[in-house]
Structure formats: structure tokens, C-alpha cells
Amino acid sequence: MSFPDPDALFANEYGTSVFLKNVITALNIEVGDFTYYDSARAPADFEKTNILFNYLVFGDHLRIGKFCQLAHGTTFVMGAANHRLSSVSTYPFNVMGKEWSAITPAHLSELPRKGDTVVGNDVWFGRESVVMPGIHIGDGAIIAAYSVVVTDIPPYTVYGGNPARFIRERFDSELKELLLDFKWWDLKPEELLTWLPLIVSPDLERTHQALKDAVAGRRTQI
């Protein structure tokens, strides 16, 4: 049997989708297997064009899970993009140099710290969506096109708008918990192959029951 290669540059023969982990060089960025970025405009340049203000010295990280789908223009803004918020002016006088630099604190030391940006598995980002610093997005979430994400997003929910707001739950609570427990994205290639017909099936009741049986079986083996 042959399976898609997570270590390949391009995800398929169309030449517009790249597996992101294979184009990332920054030490503070981690991307899981099979997560792709799709764009007709130099998709392999994602790190340079779509991850903004990423400076290792600032200390924040970007972590993206497996099987995420990033449409054209999906952008992550890192923490160093922020400005000082604790004073009457947000202007970055220090970085302009000369006498301003001599009498003001170092620029990076003044910036608010939002922490790491963390994206779960199987998250779909619509076209031109933007994720601000320090956001956590749960497994299976969907971000609508042209959204600006400024708050954390729970698993298996749909958010959209600017700022992005809750639109709806994707599934009922039991199916959501089964998916979070089963973690299909961690299956071995051979196991995933047997599950794919259910994972892509619109028959959610059948998928629900199969997941319920599988999770119960795992718990019995423990």
C-alpha cells in the first residue's frame, strides 16, 4: 500500500498545496504532519509572507497540529507586532533611534506578552483569515473566510467575522467528546485507511456509533 508522504513538499499534483512542516525553518514554529497551505501564489513562501513579526528573541512560539487546512492568505501575527499599551502613546519611539532611543526603554521589553499561539488538529482556516498573537484554537474548529481571530476558539465550533464570533457548534456534545477522545489524527497510516470512509461520511450517526464502539474498546483494554 502507498500513502501520501508527509515529508513531501507538495501535497498533490496540482502544485498549489504544500505540507507546511517542510517549508518552515524558524525554530519557534512547529507544524504537524499533513497540515497544508494552499495558494496559487508561491505557497512555499508561507513562513516569509504569512507569519508576521516573528522574532526568536521575543520568545513566543507558533504550534499548529496535524491535518489542518489553511486557505490562501491565512496569516499568523506574532507577539512582536504589538505596541506598548501602558502609556498615553503607543508610538515606538525607541526603535526610531538617536536621542529617542537613548531616553526610552528597549522596545521589545515594553510589549505586552500574549504567550504562544496554539492551533489544534483538523482546523480549517478560510481564505484571508488572520490569527492574532497568543490565540488557542481547538481541534476541529472552522474559521470563516476573512475572519480576524482575537479570542480563543473551542474545539469543533465555527467562528467568523471581524472580530471572529461564535456562529455554531459543529456537532452535538457527545460526538465532539468522542472525537476529542479518539484523536483520529494520531492513527497509524494503516488504521487511518480503515477509518477514512467514516471520517468523510455525511452519515454522522454511523460515524458516531463507530467512534463510540472504538472508544469503549480502548477503555476496556486499559
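Residues are numbered from 1 along each chain as its sequence is written, and side-chain values use heavy atoms, with hydrogens and water left out. Because the model is predicted, local features need pLDDT of at least 70 and side-chain atom pairs count only at pLDDT 80 or more, whereas totals for chains, interfaces and linings use all residues.

The protein chain contains 6 helices and 15 strands; helices (H or I, at least four residues) and strands (E, at least two) are DSSP runs, numbered from the N terminus. Along the principal axes, the C-alpha atoms of the chain fill a box of roughly 70 × 35 × 35 Å. Of the 222 residues in the chain, 42% are buried, where buried means under 20% relative accessible area, exposed means over 50%, and partly exposed lies in between (1.4 Å probe, protein chains only). Among the contacts in the chain with a separation of 6 or more, 47% come from residues 24 or more positions apart, a contact being heavy atoms within 4.5 Å.

Two open sheets are described here, with strands taken to pair if DSSP finds at least two bridges between them. Leu-62 has Thr-117 of S8 as its bridge partner.

Another open sheet has 7 strands in the order S1-S3-S6-S9-S12-S14-S15, and its pairing is mixed. Its edge strands, S1 (17–19) and S15 (165–169), each pair on one side only. S1 is joined to strand S3 (residues 36–38) in the antiparallel sense over 3 bridges, and Ser-17 has Asp-38 of S3 as its bridge partner. At the other end of the strand order, strand S14 (residues 157–160) and S15 pair in the antiparallel sense over 4 bridges. Here the bridge partner of Val-158 is Arg-168 in S15. The hairpin of S14 and S15 has 4 residues between the strands, and Gly-161 in this hairpin takes a positive phi near 110°.

Side chains of opposite charge can pair when their charged atoms come close. The structure holds 8 salt bridges, each defined as a side-chain nitrogen of Lys or Arg within 4 Å of a carboxyl oxygen of Asp or Glu. One of them joins Asp-7 and Lys-21, with an N to O distance of 2.9 Å. Asp-7 lies in the segment before S1 and Lys-21 in the loop between S1 and S2, so this pair ties together parts that are 14 residues apart in sequence. Lys-21 also forms a salt bridge with Asp-33, with the closest N and O atoms 2.7 Å apart. This pair links distant parts of the chain, as Asp-33 lies in the loop between S2 and S3 and Lys-21 in the loop between S1 and S2, 12 residues apart. Asp-7 is exposed, at 53% relative accessible area, whereas Lys-21 is partly exposed at 27% and Asp-33 is partly exposed at 27%.

A salt bridge is also formed between Glu-174 and Lys-212, whose closest N and O atoms are 3.6 Å apart. Glu-174 lies in helix H4 (residues 173–182) and Lys-212 in helix H6 (residues 204–221), so the pair ties together parts that are 38 residues apart in sequence. Glu-174 is partly exposed, with a relative accessible area of 38%, and Lys-212 is partly exposed at 39%.

The largest pocket has a volume of about 920 Å³. A pocket is an open set of points on a 1 Å grid over the protein atoms alone, where a 1.4 Å probe fits, with protein on both sides within 12 Å along at least five of seven lines; lining residues have an atom within 4 Å of a point. Grid points are joined across faces, edges and corners, and the volume is the space filled by probe spheres set on the points. The lining comprises 37 residues, of which Phe-67, Trp-184, Leu-192, Leu-196 and Ile-199 lie nearest the pocket centre. H4, helix H5 (189–199) and H6 each supply at least two lining residues, and H5 gives the largest share, 7 residues. The lining divides into 28 nonpolar, 4 polar and 5 charged residues; Ala, Val, Leu, Ile, Met, Phe, Trp, Tyr, Cys and Pro count as nonpolar, Asp, Glu, Lys and Arg as charged, and the others, Gly among them, as polar.
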